[in-house]
Amino acid sequence: MASQGGLGGLGGLGGLGGLGGLGGSLADAYAAPMTVDALVTHRDATVQPTDDAAAPLKLRDIDDSDALERWEPWVRGTIAHQVLLGTLHIDKADGGATLWAMEHAAAAAKQATPSATFTKLATLVRPSEPVFARQLKLVLSWAELRSERGAEVLAQIDNQFAFLASVVYLHPSRTPRTLELLATALQCAVSIEMRLKHALGCWRPVELSPQVQPMITTPGHGSLPSGHATQAYMAAYVLRRLLDLDADHRISLQLERQAARIATHRVVAGVHYPVDSMAGRLLGTALGEYFVARSVEGSAEYASRVFNGRCAALLAEPTMDFHPQAQPLDAEDPEGLYCRGTASHGFGTLPPLGHLWRAAHKEWEDRRGQL
């Protein structure tokens, strides 16, 4: 998953190997040749092997969330990821793409059925070609920051967790379940953003101009929405909710600033336009809200969001830099860049996600009141 933005780097986090991309590993922790040979000869220590059976096993109910504790972290994450994706659907319409979700957990448990009710989570309307032409000027001008920001650009290709940890005290030994939850959330983001990138089919800056000369390899998938922006904003939202912080809390604001900077560096590197980051900001926030709604009991309300790539402001001269504070996500203007619906929808908790959330939430019990 290294090339898909932000997930790499978890492999070495003390016991969390395999979380980067949730691909897991079948490697044996004791598979050193000397240890294997020693374990073979060590059979002599078994004085009298017998056929005595242990107590009969009691099979657990299907989808027993408590049984998740028997598995490795990447297995738990893969199960939760599959269950969550089973509630989501994407289709294309009118120059854009819409992300839909099944409203009730009961319907999700049975997967999509003719009676399942879907509601809109987020709609991304593709910008026009003139928008990208104007945005290209910003990509070229931001290239001046490459020598100053080069280390950050490289460090953030595969690892956003170090930058989140610089705001909130994340550590593989102290907060392993929080890191596990975030890895699951980001893997969901990768799956959704890749499908949307394909549906929207936006070209990369280097395909519009040879003068871009990206400082890193341009990824082999579409430009909008930015995957790094999507993942960074989703992680920021999930962390804020996990710590029970208001949107205007100093930590919440700093997490947002980190997400904005990570997104901006993809433009500096020459592989994205600012408008890609703007779309990723909305998608990441929407996915974060949905992830929490499916993880937290009683967190049922949700309002759909729209990113309007046809917004008139994007067709003006390219002075519309990526400043989230000047672009409120909760605006209700359908002609604006962002629009949030007023209707709320109900979602039920998905057991695997609820289990992961409770384990991560518990890690912050003693510190939550001190933040």
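## Exposure at Gln213

A residue counts as exposed when its relative accessible area is over 50%, as buried when the value is under 20%, and as partly exposed in between. Gln213 has a relative accessible area of 60%, so Gln213 is exposed. The structure discussed here is a predicted model.

Gln213 is placed in the loop between α8 and α9. Its backbone carries a positive phi of about 45°, although Gln213 is not a glycine.

The peptide bond that runs from Leu224 to Pro225 is cis, and its omega is near 0°.

Asp244 belongs to the loop between α9 and α10 (250-268). Asp244 is another residue that is not a glycine but has a positive phi, here about 60°. With a relative accessible area of 47%, Asp244 is partly exposed, because that value falls between the 20% and 50% cut-offs.

## Strand pairing around β4

Strand β4 (residues 305-308) pairs with strand β3 (residues 118-125) in the parallel sense, over four bridges. Within this pairing, Leu124 stands opposite Phe307 of β4.

β4 also pairs with strand β5 (residues 338-340), here in the antiparallel sense and over three bridges. Arg305 has Arg340 in β5 as its bridge partner.

## Thr285 in helix α11

Which helix contains Thr285? Thr285 is located in α11, the helix that spans residues 274-295. Its relative accessible area is 7%, so Thr285 is buried; the cut-off for that class is under 20%.

Leaving aside residues up to four places away in sequence, Thr285 touches Tyr233, Arg305 and Leu329. One of these contacts, Arg305, is the residue whose bridge partner in β5 is Arg340. Val238 lies 47 residues from Thr285 along the chain, and the C-alpha atoms of the two are separated by 8.9 Å.

How values were computed. Residues numbered from 1 in each chain as written. Predicted model: local features only at pLDDT ≥ 70, side-chain atom pairs only at ≥ 80, totals over all residues. Heavy atoms only, no water. Pairing = 2+ DSSP bridges. Helix = DSSP H or I, 4+ residues; strand = E, 2+ residues; numbered from the N terminus. Buried < 20%, exposed > 50% of the residue type's maximum accessible area, 1.4 Å probe, protein only. Contact = heavy atoms within 4.5 Å.
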